[in-house]
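Visitor: Hello! Could you walk me through this protein, one question at a time?
Guide: Gladly, let's look at it together.
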Amino acid sequence: MNSESLAPTPVAAPAATPSLADLLSVRPPAQQDTGADVVSMPFLRSNPEHFSSIGTTSPGGSVDTRHDGSLTAPAPPAGTSQRVPLVLVHGNGSDGALVQTWMHRVLNGSELYGMRFQDNLFDAVHRQQPQAILIQFIPGAMEPAVAMASQLQTVFPHIPRIAVGRANDSQCMLAALRCGVQDFLDMDGPLDTAQQTIAHLLSQPPVMEPNRHQAPVTALLSARAGLGCSLAASHLAWYLQQHLAAHMPHTGLASDDPESLACLLIEMGSPGGDCAIYLNTPGEFSFGDAVSQHRRMDRRMAQSALARHDSGLRLLTQPRPIHAVAAADVDALLSRLGQYFEHIVLDLGAVASPQLAMEILPKASDIWLLCDQSVASMVWTTELLKQLENHQIDRDRLQLIVSRHDPRLEMSAQQMSKQLQLPLLGVIPERRRELAQVVNLGALLPLQPRREPYVQALDGLLRRLLAANHPATAPHASAPSSPWAAWLQRLKKH
């Protein structure tokens, strides 16, 4: 490949039938890419973190290899990055080098973004916004190729997927077709056939990416520890999981399928670990681990790394001791996880890190503040509200839940709501003894039957949450929760 092939094409009248080179070079980026980990180089571009093992071409057009057969690349030249229309996902070693060399010939030296199966392809797709993704299908990497094609179909259904392999390998070709790829490029076939296939693909108008799904986030917090915030969050997330999992037919997964992702509970309060105890779901992968690896977090990692309750509820618990994390990294993690789950519940508890909470709360869909009927709780809750106001979090976005409510006490829930100037969302009755009995057995109070007052209170909060964020799955507002409630309704009508 000579230097002239890298020069920009002179402006001229568009040809009636653009060439493959034109199709590969004229697609402008949708927006300026500021990612520092993508660089421009001939034929293949990759994340510099992987330069030691991802193949590229030298300025002369040949593929450089190390003595052990793996690929290496020279240091990337300085320059601004620009998106390319094609991304190639390939295997390691000689198989990866072979498909890169073949694609180099097919594309006549035009640029291509290369990734390995173990790399985070989803970050690259978000940055590059390719018009098509090429996936290498070889006997030694059949399983990751099938998994990658299936996940791309789920996460990026608008981007065509093209398989690259050998047509005489019937197993690979059949596996690729079963994954729903749009076409198959035969490496043993004529180059002009592959070039025509890619040219036809790139000549089609690109399908715009649909609005990316972002799960609603419900945050529960309190000004003091010991108000039952983690216990309420655990019950609420468990109930949400059961309801949402039963209304997820569009995923094609059963509610008990380990790959289904409905609800996620993230514990960020102090001292940490209570939610995992209540749900009897320990996990080695903590919230701190997820924040430190947020760039690698994809759907497959969310399915496999996060602790899973028997109901399918996923859990990220706070490690002990609590390590400081950057608010920007937490925000990036929540944005990534919001693409995969239907709902996220944040247990901020007694707010272990006020500054972090202030950064996260503005992005929450619902903010529920728990307070009990004690003077100390009222004083500390008033102080917390001042901190929230100083961080531009309006009181109109907050709702009050009176926890451990005892109607015999003089301070009523309505009086607390008026004093704190917060709308009253609901009350959770005083049931510490009953809760301790079931929690000590390693369980929670089941949603059915609803005779338990604590369950009735949480069920009311659940219904409000569903009506506000998941109206298509919410139970009918007028539907009675019990035969007794139905009898009362009929009595009121008469």
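Visitor: What share of the 494 residues in the protein chain is buried?
Guide: Keep in mind that this is a predicted model. A residue is called buried here when its relative accessible area is under 20%. Of the 494 residues in the protein chain, the buried ones make up 49%.

Visitor: How many helices and strands does the protein chain have?
Guide: Both kinds of element occur in this chain. The secondary structure comes to 17 helices and 14 strands.

Visitor: Among contacts between residues at least 6 apart in sequence, what percentage joins residues at least 24 apart?
Guide: Contact here means heavy atoms within 4.5 Å. Taking the contacts between residues at least 6 apart in sequence, the part that joins residues at least 24 apart is 74%.

Visitor: Which residues have the most contacts inside the largest nonpolar core?
Guide: That core has 48 residues. A second, separate core has 40 residues, including Cys-229 and Leu-370. Back in the largest core, the residues with the most contacts inside it are Ile-266, Met-268, Met-297, Leu-337 and Leu-346.

Visitor: Which residues is Leu-346 in contact with, leaving aside its neighbours within four places in sequence?
Guide: Leu-346 is among the residues with the most contacts inside the largest nonpolar core. Two of those core residues, Ile-266 and Met-268, are also in contact with Leu-346 itself.

Visitor: Is Thr-218 buried or exposed?
Guide: Thr-218 lies in strand 7. Leaving aside neighbours within four places in sequence, its contacts include His-343, Asp-366, Trp-368 and Leu-465. Its relative accessibility is 0%, so Thr-218 counts as buried.

Visitor: Why do the buried residues of helix 13 line one face of the helix?
Guide: The buried residues of helix 13 are Ser-377, Met-378, Thr-381, Leu-384, Leu-385 and Leu-388. In an α-helix there are 3.6 residues a turn, so residues three or four places apart point the same way. Seen down the axis of helix 13, the buried residues line one face because they fall within an arc of 125 degrees.

Visitor: Which exposed residues does the other face of helix 13 carry?
Guide: The buried residues of helix 13 pack against several elements, among them strand 7, helix 12 and helix 14. Turned away from that buried side is a face with the exposed residues Val-375, Val-379, Trp-380 and Asn-390.

Visitor: How far apart are the end C-alpha atoms of helix 13?
Guide: Helix 13 has 16 residues, and at 1.5 Å a residue they should span 22 Å. The value in the model agrees with this: the end C-alpha atoms are apart by 23 Å.

Visitor: What is phi of Gln-392?
Guide: Gln-392 is found in the loop between helix 13 and strand 13. With a relative accessible area of 71%, Gln-392 is exposed. Its phi is positive, in a residue other than glycine, and is near 65 degrees.

Visitor: Which residues of helix 6 are exposed on the side other than the buried one?
Guide: The buried residues of helix 6 are Ala-194, Ile-198, Ala-199, Leu-201 and Leu-202. They cover an arc of only 160 degrees around the axis, which puts them on the same side of helix 6. On the other side, the exposed residues are Gln-196 and His-200.

Visitor: Is the pair of Trp-238 and Tyr-239 stacked, edge-to-face or tilted?
Guide: Planes under 30 degrees apart count as stacked, over 60 as edge-to-face and the rest as tilted. The ring centres of Trp-238 and Tyr-239 are 5.7 Å apart. Their planes are at 35 degrees, so the pair is tilted.

Visitor: What distance separates the C-alpha atoms of Glu-410 and Gln-373?
Guide: Glu-410 is found in the loop between strand 13 and helix 14. At 76% relative accessibility, Glu-410 counts as exposed. Glu-410 and Gln-373 are 37 residues apart along the chain, and their C-alpha atoms are separated by 8.9 Å.

Definitions and conventions. Residues numbered from 1 in each chain as written. Predicted model: local features only at pLDDT ≥ 70, side-chain atom pairs only at ≥ 80, totals over all residues. Heavy atoms only, no water. Helix = DSSP H or I, 4+ residues; strand = E, 2+ residues; numbered from the N terminus. Buried < 20%, exposed > 50% of the residue type's maximum accessible area, 1.4 Å probe, protein only. Arc of directions from axis to C-beta. Core = buried A, V, L, I, M, F, W, Y, C linked by side-chain atoms within 4.5 Å. Expected span 1.5 Å × (residues − 1). Phe/Tyr/Trp six-rings, centres within 6.5 Å; stacked < 30°, edge-to-face > 60°.
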